[in-house]
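Hi,

Here is the model I said I would pass on. Please open it first, then read my notes below.

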Amino acid sequence: MTSDVIRFIHNDKIIEIKDSDPNETVLNYVREKYKKTGTKEGCAEGGCGACTIVVGTLNKNNIDYEAINSCIAFLPMINGKQLILVEDLAKDSKSLHPVQEAMYNFHGSQCGFCTPGFVMSLFAMFKNNYIYDDETIKDSISGNLCRCTGYNPIIKAAKSLNGKNKSDKFFKNKNLTINLLKRINNDNYNIDNNKRKFFSPKNISDLKKILKQYPNSDILNGGTDLSLRVTKERNNLNSIIYLGSIKELKYIKQNERFIEVGASTPLIKFEGIVKKFYPDFYKILKRYGSVQIRNVATISGNIATASPIGDTLPILLSLNANIVISDHKGNKIMPLNGFFINYRKTILKKGQFIKSVQIPFSKNNIFKAYKVSKRIDDDISSICGSFNINIKKNIIKEIFIAYGGMSATPKRALNCEKALLNNDFSKESFILAQKSLEKDFSPIDDVRASANYRKEIAKNLLLKCFLEIKNNKKIEING
Amino acid sequence: MAKKNQINIFEESKPHESGKKHVNGQAIYTDDILEPEGTLYGAIGYIKESNALINKIDLTDVYKSEGVVSVVTEEDIPGINDVGPVFPGDPIFPSKKVEYSGQPLFAVAATSTELARKAVLKAKIKYKKIKSIISIKDALLKKSFLVKPKIISKGNASKSIRDSKNYLSGNFYTGSQEHFYLEGQISMTVPLEDGDFLVYTSTQHPSETQQILAKMLNQSSNTISVVVRRIGGGFGGKETQSFIFAAISTLLSYKTNLPVKLKIDRDDDIIITGKRHDFYSEYEVGFENDGKINGVKIKLASRCGFSPDLSLAINDRALFHIDNTYFIPNITVTNYLCKTNTASNTAFRGFGGPQGMMCIENIIENISSKLSIDPKIIRMVNFYKINKNNTTHYNMKIKDNIINELFNDLITSSNYNKRVEKIKKFNSENQYLKKGISITPVKFGISFTTTFLNQAGALVHIYTDGSVQINHGGIEMGQGTYTKISQIASNELGLPLDKIINTSTNTEKVPNTSASAASATTDLNGAAVLDAINKIKENINNYVKNKYKINTDNVMYINEKIIYQNKYFKFKDLIKEVYLNRYSLSSTGYYSTPKIFFDPKKFKGSPFYYFAYGAAVSEVLIDTLTGENKVLQVDILHDVGKSINKAIDIGQIEGGFIQGMGWLTMEEVLWNSDGQILTHSPSTYKIPSVSDMPKVFNVNIYKDGINIENAINRSKTTGEPPLMLAMSVFFAIKNAISSISEYKIYPKLDSPATPEKILTSINEIKEFNENTRF
């Protein structure tokens, strides 16, 4: 079945929108058409969190509460979901939700403009967790900027939620909401109004048909990058194919050899799984955007965008990940190394999509990854270095090194690898190998770092990797 | 007259007056006001050239663009095409020459913001490029100044330096800073009858907005009303930089006779508006073996951008604070106001004060390194004292000096001395990670240094049901001024807070106000509200005296009662009675700061009513392989006098500190050589986020604090001063870098201390180490 009506649940009612402009953001819709102005616009690029809303997503017989940036989400992306705004949290107009009460009592607002966003991020935290420790709190609000408070009262407010009664109105209405969500969760959503097309298929076979028919469409798979073409560059996206409703692309499987991540699995689901295999991968994912970004951003979106500073890419390269490319003819497995051609250019052809990513286990290897940026949270890397090493009897038997931020694409450091392979695992080897990095990369100056700094950090990260393995001790300031 | 009769002890931590509305989304900002039928939406067009002669602006395609209703250029301005606050020079749309990349050239009104923003991109503009001046150094070289360099001096700096046992010279740079208020610039104008306009705008300065719009339209000020309920952060960025947006929305409204909302996209906001002045200084200092400074000579240059805006006052405040807490017997400062082809730099929390202080603190640190004496000692040796060495370089006698005691208290409470030893031990045991620590003081002068601005008005109504409205010229921008002033009124009238409403700041209610700036908002406006209340109380007393023939001395307003010596009334009842007997229950109020005077020509006088003091200890950890840094612990002791609201004061201290830390560590404003700003969005310009919080953050209010002047409740403001407590973070980072040379070399490091700058500084020390083989 196909429908051209967007349906979502708001305050336990089904809201239907016909004839929507698929380039309209949820934020603009909510503020301008719906006249709910509690949700604020701070930057229109998902960088400040003032626009944070929560969407309730059906997950079997439960609801996941996902904080997202409404400023970079297109309206059809909330099709089939529950929309929760800051105005909706309290059970009536005279009371406050426990999260709001805490923010109020702990003086968590000053100018108040960022506050609704913080409230929504903390609301999602409150719903999805039972214990609110420092790590959970910081993770939950790392995508929300406050220029007034310095965050201390907000952290205190969040901590005070420990032990609070969790049966808010969403808890009480849960069954009703689940039933409503089930009612609206069935159809493909396609809109093809005069100006713009938006396709949201529910399964892979429909996706392939649409891709074949409309090969020039932009694939929306998270959209935290794509949407800026509308909100910042003021372009139109005239034909969009959205992968977010395809359940067959939302999975994480593992066998003996690798973990396989479906194309539209949000990073936030992936980070929990990868933690036990590659702790450094997890650590970098935690600094990848923010919760709001990782709730929608996907690993294959990150790959297809092919940004030289995409944080997962050097990691996947050094882990020798494969990708499964698919089109109406079938599937093809290929190594990620070789996928990137040039700045934001890949070998992906029109009509093709990335179906999944396979990340091999290498249990006998040591894996390390480092991200250097101006800010810890939600910043783009100046440089990201990733190291996958097998050492036997103090000889480097296997080594895969990749960097982001060092060239037009994320790239393996082949000369450096060569310099180390089959050599002693010693400081001398690494000092020597540092030099060959100069052959591998000629980085550029930009706002994040100068070329010289990048060159130097690339070398120093290599050294750091050695020192940490050698001394079995991390050298980190955020430990 | 009604005597001062309340015992002023509030000190309570009342929540923000809008706190509940903040958290449930009901607080209304300019963009949230329900738009009248027919509202149009604006956008601004510009070119990305920093210096260019305009030949032709072809707007044909802009007119044709979907949804466009109207376009305005400089030709549509009936009156004065300038929004410059003190001096002219800030055209709304320049007629001939673009002087910075992003300078507005025209604007459109369309049926939606999106369509307006698309339309402005379609202009075809022909121009001729001229060579531009972007950096301070370039401006100094080419002598590109806004005004001729100013020299201030006391004693004989050259001679005292010559006669000193020790000598140092060097240079230092502190970077710019983007305000990054979360609510971007926005203005909505509604046309009224007779060509009058009602303007809602996010500004710190409604009165000047009103005056500028009136001049633009060639109308008198009484035809323009400006209303501001609250703004989503200002930090100085909406003291004058908001004017152009109010001007453009009003011009579009004037031309279309329809309401127009002009909401500025974040990137355009950062591109169009000015920021904190970056400062470059060169110094020479002469000092004794114990670190006592004999004389300082400083060349102090700032990047002002293309127009004067507030740059003269900002540079003055840098000059006023170049002593910070130190008595400098001989000093000469030559101040250069560099005119550059960049947006006009403007007010930012501290207003030049932080830049001046950083300059002297850097000198102190260099002296400490040269003499191998803990910088804490150098600071203490040079502090202003009580009975001697207590007059500033601008000849103001400091009467409220508490820095010596406060500093000592913090050394003890922060365990500074022991931690210094522990850090040295850590550093000797760790090759790649290094720790650093620093304690820095703050003394910040309170008052507008332009004396006439130190005045405020208020309007207070008591309605017949006993409810109260207060109004004043202050803007609520998160600093809690509405809350504090409501508390003042509540205390003065003996009423609970819910009986009092602080209504929107409105040029119709209180005219001729000063900007909410200079940390003076509550001091000035709170006192004006108090004055209005006392005038109403006088009326009430007059009635009571006439009617009941009782002594009205020492009347008390407590718990919704008005208590005379032999008789008491319920507040509500007496108010009703006073009304029925035809006495006024409404009054204006007025306040002007006493005691201050200043002769700008001689640069001498007493420009400040009082000083606010504080000190902070910061401990940091740096990674010498990457330059990354982390603030581990911060201990603050800050003087707020007798607090009106401790929660608000703590909030200002913590928030100001983090903002200062951002300025000095990660917030880096970058321009390319063509003068285009490169850091115009949150993806490239990083303000501190939650993980940048110090791991341990001990913030304390100085217990013995009291304002010796009669400021409201004997309190001291907390608006700007705490920002400068963050200097300790910067110098702790330098301390950590210095450890690589076993504290033998004091590193060169400019602000902001980004990982890259830290690593560069480390490398310089390493090279020196290798060359000298320690």
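**The A–B interface**

A salt bridge links the side chains of A:Lys464 and B:Asp623, with 2.4 Å from N to O. Keep in mind that this is a predicted model. Between chain B and chain A the count is 11 salt bridges.

Which elements of chain B give two or more residues to the side that touches chain A? Among the helices they are H1 (19–24), H3 (113–120), H8 (266–272), H17 (646–664) and H19 (755–772). Strands S27 (610–623) and S28 (629–638) of chain B are on the list too. H17(B) gives the most, with seven residues. By class, the side of chain B that touches chain A has 31 nonpolar, 27 polar and 26 charged residues.

Now the extent of the interface. Its size is often given as the accessible area lost when the parts come together. Here about 6700 Å² is buried between chain B and chain A. Carbon and sulfur atoms give 56% of that area. In chain B, the residues that lose the most area to chain A are B:Val23, B:Leu182 and B:Val690. Together they account for 11% of what that side buries. In terms of contacts, 84 residues of chain B meet 78 residues of chain A.

**Confidence**

The predictor gives the complex an ipTM of 0.97 and a pTM of 0.97. Chain B has a mean pLDDT of 96, and 98% of its residues reach 70 or more. Residues 1–9 of chain B are below 50, yet this stretch has 25 contacts in the model beyond near neighbours in sequence. Where pLDDT is low, the predicted coordinates should not be read in detail.

**Domains**

The assignment for chain A gives domain 1 (2–87 + 173–242), domain 2 (90–167) and domain 3 (366–471). The C-alpha centres of domain 1 and domain 3 of chain A are 40 Å apart.

For chain B, the assignment gives domain 1 (19–26 + 455–592) and domain 2 (32–131 + 179–272). Their C-alpha centres lie 37 Å apart. Contact involves 19 residues of domain 1 of chain B and 17 residues of domain 2 of chain B. About 1500 Å² is buried between these two domains, and carbon and sulfur atoms give 48% of it. B:Ile475, B:Met477 and B:Thr507 supply 35% of the area that domain 1 of chain B buries there, more than any other three residues.

Most residues other than glycine have a negative phi, and most peptide bonds are trans. Two places depart from this. B:Ser751 and B:Pro752 are joined by a cis peptide bond, with omega about 5°. B:Pro752 sits in the loop between helix H18 (727–738) and H19 of chain B. A:His107 is not a glycine, but has a positive phi of about 60°. The loop that holds A:His107 runs between helix H2 (98–105) and helix H3 (115–128) of chain A.

Best wishes

Notes: Residues are numbered from 1 along each chain as its sequence is written. Chains are lettered from A and ligands numbered from 1 in the order in which they are written. This is a predicted model: local features need pLDDT of at least 70, side-chain atom pairs count only at pLDDT 80 or more; totals for chains, interfaces and linings use all residues. Side-chain values use heavy atoms; hydrogens and water are left out. Domain bounds come from an automatic or database domain assignment. Contact means heavy atoms within 4.5 Å. Buried area is the accessible area (1.4 Å probe) that two parts lose on being put together, summed over both. A salt bridge is a side-chain nitrogen of Lys or Arg within 4 Å of a carboxyl oxygen of Asp or Glu. Helices (H or I, at least four residues) and strands (E, at least two) are DSSP runs, numbered from the N terminus. Ala, Val, Leu, Ile, Met, Phe, Trp, Tyr, Cys and Pro count as nonpolar, Asp, Glu, Lys and Arg as charged, and the others, Gly among them, as polar. pLDDT is the predictor's confidence in each residue, from 0 to 100.
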